[in-house]
Amino acid sequence: MNIITCIAPVNIAVIKYWGKRDEKLILPLNDSVSATLSIKEMHAKTTVMASPNFKEDKIWLNGKEETFQNQRLQSCLQEIRRRAKQKADNKGDSISNWSIHVCSENNFPTAAGLASSAAGYACLVFALAQLYDVSGDISGIARQGSGSACRSLYGGFVRWHQGSALDGSDSIATQVAPESHWPEMRILVLVVSDKRKKVSSSAGMQNSVNTSELLKYRVSHCVPQRTEAIVKAIINKDFDTFADITMKDSNQFHAVCLDTFPPNVYMNDTSHAIVNLIHSYNTASEKNKVTYTFDAGPNACLYLLQSEVPKLLAVLNHIFPAGNESVEYLQGIPVEKQAVSQEF
Ligand code: DP6
């Protein structure tokens, strides 16, 4: 039996991916940019086993068996096995005919708008690549599991290039800057709700592609400029500009969700209270000190520099005092070195 266990972290986008041009290959309408979180805090842990004694491929997610007859799982597994077979002398070749068993769990709420599928598929694809001894870029494979997963394969700041090839071969993730480039950066995740979201990102973005006029404008007129500008801000460690673009992109993404018909409402009153608080906090200084971004859920991800963490936490504790169940803090998460690690 061959067995391998890996851990992969979550990533939080500052330029959002929202909308596909190819549903099956998971090709996006626009580039996106994210930071990968510390592996210590929020991660997926996946064990893959291959054995000649296994009768069929099986998967357990957070302890519950799920079907393997799922297009996305199949795409990832088939592509990894295809690459393993390409290498004649590959140890993966001998085991690529065996069935596999997969066990995966997240140490944070699943499907609550906290990028659980990103960490999950990044971890699965990384683990399979180790098992089958597949080398080279595997972000294009993780992308076929869940688009945002391709960004979790790299640490630090990461860009997913939309690409233009019909087969998706150039729709891959690359690192913009390693975590060591901006070591003062911190991410604070405010868990407003750990309930599963009503409309998944996949279904929500498909509805947006079909019905939102604002999405077309966003893709053609806003995201390309914003992407270049935020990459520049990251390289120059210009927090003020980084913060400005991050908040605007999050707000525009949620505006697109509201422009979708019927609308998708992901943020709630607590989310909006956090937005107002951050704007008040920032206007007390000349430059932005904190920035917020919300994925397809009500939970806030705040980016800030380490020097600001104690002050902001004091303010948050004052506004959302302990015992108030509307906000639960996960600790500040430094963007750490290793994106994906192999346990043994
Ligand atoms: C709002 O990657 O979960 O988090 O490709 O359909 O699996 P699929 O969608 P997914 O969408 C993530 C959307 C987002 C923005 C982002 O992470 O860029």
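Predicted model: local features only at pLDDT ≥ 70, side-chain atom pairs only at ≥ 80, totals over all residues.
Trainee: Which residues of helix α5 are buried?
Mentor: In α5 (residues 201-211), they are Ser201, Gly204, Met205 and Ser208. Buried means 20 or more other C-beta atoms within 10 Å of the residue's own, with C-beta atoms placed from the backbone. Helices are DSSP runs of H or I, at least four residues, and strands are runs of E, at least two, numbered from the N terminus.
Trainee: Where do they fall, seen down the axis of α5?
Mentor: Within an arc of 90°, so they line one face of the helix. The arc is that of the directions from the helix axis to the C-beta atoms.
Trainee: What do they pack against?
Mentor: β3 (20-22), α6 (213-235) and α7 (239-259). Contact means C-beta atoms, placed from the backbone, within 7 Å.
Trainee: New topic. What is the strand order in the open sheet?
Mentor: β2-β5-β10-β11, 4 strands with antiparallel pairing. Pairing takes at least two DSSP bridges between two strands.
Trainee: Which strands stand at the edges?
Mentor: β2 (11-15) and β11 (173-177). Each has a single partner strand, so one side of each is left without a neighbour in the sheet.
Trainee: How many bridges join β2 to β5?
Mentor: 4, running antiparallel. Ile15 has Val33 in β5 as its bridge partner.
Trainee: And β13, which way do its residues point?
Mentor: Val290, Tyr292 and Phe294 point one way, Thr291 and Thr293 the other, and all are buried.

Definitions and conventions. Residues numbered from 1 in each chain as written. Buried ≥ 20, exposed ≤ 12 C-beta atoms within 10 Å, placed from the backbone. Contact = placed C-beta atoms within 7 Å.
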